[in-house]
Amino acid sequence: MGPVPNLPAEPDDDLDSYVGLDARTAEERARARGWTTVRSLPPGAIITMEYVRGRIDFEVDDGTVKRCWRG
């Protein structure tokens, strides 16, 4: 069995702080805080549920972040 990789830590971030922001501001803030993948999705989007370390997801409705979660 090979060694377990040393994965970088995810940003220590308050996900609730993104709710209510416009999508562009939220995306820029997430990248500045160290998220490697930023994904904006419309409400009800069908997505895969695999966990991706370093990814932050936004549910965006009418240009505003309504919900936010890791991975």
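**Ground rules.** I'm working from a predicted model, where local features need pLDDT of at least 70, side-chain atom pairs count only at pLDDT 80 or more, and totals for chains, interfaces and linings use all residues. Numbering starts from 1 along each chain as its sequence is written, and side-chain values use heavy atoms, with hydrogens and water left out.

**Sheet.** I started with the strands, taking helices (H or I, at least four residues) and strands (E, at least two) as DSSP runs numbered from the N terminus. I found three strands in an open sheet, order 1-2-3, with mixed pairing; two strands pair if DSSP finds at least two bridges between them. Strand 1 (37–41) and strand 3 (64–70) are the edges, each pairing on one side only. The twist averages 25° from one strand to the next. For angles, axes are lines fitted to C-alpha atoms (for helices over the stretch in contact), and the values run from 0 to 180 degrees between N-to-C directions.

Next I checked strand 2 (residues 55–61), which pairs with strand 3 in the antiparallel sense over six bridges. I noted Trp69 in strand 3 as the bridge partner of Asp57. The two strands make a hairpin with two residues between them, and Asp62 in the turn has a positive phi of about 55°.

**Helix.** I then looked at helix 1 (residues 23–32), which lies across strand 1, strand 2 and strand 3 and runs at about 170° to strand 2. Its buried residues are Ala23, Ala26 and Ala30; buried means under 20% relative accessible area, exposed over 50%, and partly exposed in between (1.4 Å probe, protein chains only). The face turned away from the buried side carries the exposed residues Arg24 and Ala32. Just after helix 1, Gly34 has a positive phi of about 105°.

**Core.** Which residues touch the most other members of the largest nonpolar core? I got Tyr18, Ala30, Trp35, Ile56 and Phe58, out of 13 residues. Such a core is a set of buried Ala, Val, Leu, Ile, Met, Phe, Trp, Tyr and Cys residues joined through side-chain atoms within 4.5 Å. Helix 1, strand 2 and strand 3 each supply at least two residues. Ala30 is in contact (heavy atoms within 4.5 Å) with Tyr18, Trp35, Val38, Ile56 and Phe58, leaving aside neighbours within four places in sequence.

**Aromatics.** I searched the whole structure and found one aromatic pair. Tyr18 and Phe58 form this tilted pair, 5.2 Å centre to centre with 45° between the planes. Rings of Phe, Tyr and Trp (its six-membered ring) pair if their centres lie within 6.5 Å; planes under 30 degrees apart count as stacked, over 60 as edge-to-face and the rest as tilted. Tyr18 sits in the segment before helix 1 and Phe58 in strand 2, 40 residues apart. Tyr18 is buried at 0% relative accessibility, and Phe58 is buried with a relative accessible area of 0%.

**Loop.** Last, I looked up Ile47, in the loop between strand 1 and strand 2. Ile47 counts as partly exposed at 23% relative accessibility. Not counting residues up to four places away in sequence, Ile47 touches Arg39, Leu41 and Trp69.
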